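Here are my notes on the model you sent over. Have it open while you read, and go through the points in order.

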Amino acid sequence: MCRVSALAASAAPVVAVVLAAALIPVSAISGGSKIRLEDLKVINEKPDWLLTCRRDDPKLNECLRKSFNHMIPALARGIPELGVNKFEPLYVDKIGLQKGNGGVIINGAFRNMYVHGPSNATATFLKLDVHRKVYSVGVFIPNIRVDADYTIEGNILLLPLVGEGAARLNLRNVSTSATCDVEFPEKEGQKVMWFKNIHVDFTVGDMRIHLNNLFNGNKVLGRTVNQFLNKNANEVIGELHEELGRALGEVFLPILQRAFGQIPTSHWLTE
């Protein structure tokens, strides 16, 4: 089960993908598809962008945090051995969001998304409890800019919302944390780490969003709605909480499973 809380409402589908990319530095973005361990292929040669930590190191968590940060530059270049395209900018084909009750009734999607800034992510903490089989990580991203096409129709807090066109989002001081239950099955004779579920929280220090061509280009209504969205993010996120939880779960879990299901644990954690 995946539960999520946040402070960015109308930008939440975008944030979900951005944070997924930041949290999982060795994977391809692919939300919604179910991943099976038996379908994955383990990489045999240890990549040079992956540092190794010792399980008995009293500063193991700090070592893992440094290893995480060491991987981020490789993302900007791309990781072909895992099928990962260049990370800066990050391209996402489509993210949708639907809600049909309460103060928010909405049906929309972002397409052709170009996300600038996730390669500047920094791990603020990373903890692995092998005995309890719990993995947790915190990530900070100072600035994110997203350019995308959007379609949207519905109502937000009694305000009608209809439009199709270009969207731009600017996010500052994005902080995330994720806690996961894991297990260590064998795959092709080697142990890998498999993610069973995930709990994610994130906050955004500041968000600005602009949707072009709202109400078929009506500039007065469009300006009013954009101002409303920027001033009422907290109220909207409260209405979208449950739906965002499901959306983030669909993005995060298969990415984690694909990434760590292909990398032998011995490549990054030794006895």
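1. Arg36 and Glu38 pair up through their side chains in a salt bridge, at 3.6 Å from N to O. By salt bridge I mean a side-chain nitrogen of Lys or Arg within 4 Å of a carboxyl oxygen of Asp or Glu. Arg36, Glu38 and Asp39 together make a network of such bridges.

2. Keep in mind that this is a predicted model, where local features need pLDDT of at least 70, side-chain atom pairs count only at pLDDT 80 or more, and totals for chains, interfaces and linings use all residues. Numbering runs from 1 along each chain as its sequence is written, and side-chain values use heavy atoms, with hydrogens and water left out.

3. How exposed are the two partners? Arg36 is partly exposed because its relative accessibility is 47%, while Glu38, at 54%, counts as exposed. The cut-offs for relative accessible area are under 20% for buried and over 50% for exposed, with partly exposed in between (1.4 Å probe, protein chains only).

4. Arg65 is on the list of buried H2 residues, whereas Glu62 is partly exposed at 32%.

5. Just after H2, Gly78 has a positive phi of about 100°.

6. Asp129 and Arg132 also form a salt bridge, at 3.6 Å between the closest N and O atoms. The whole-structure search turns up eight salt bridges.

Terms used:
Helices (H or I, at least four residues) and strands (E, at least two) are DSSP runs, numbered from the N terminus.
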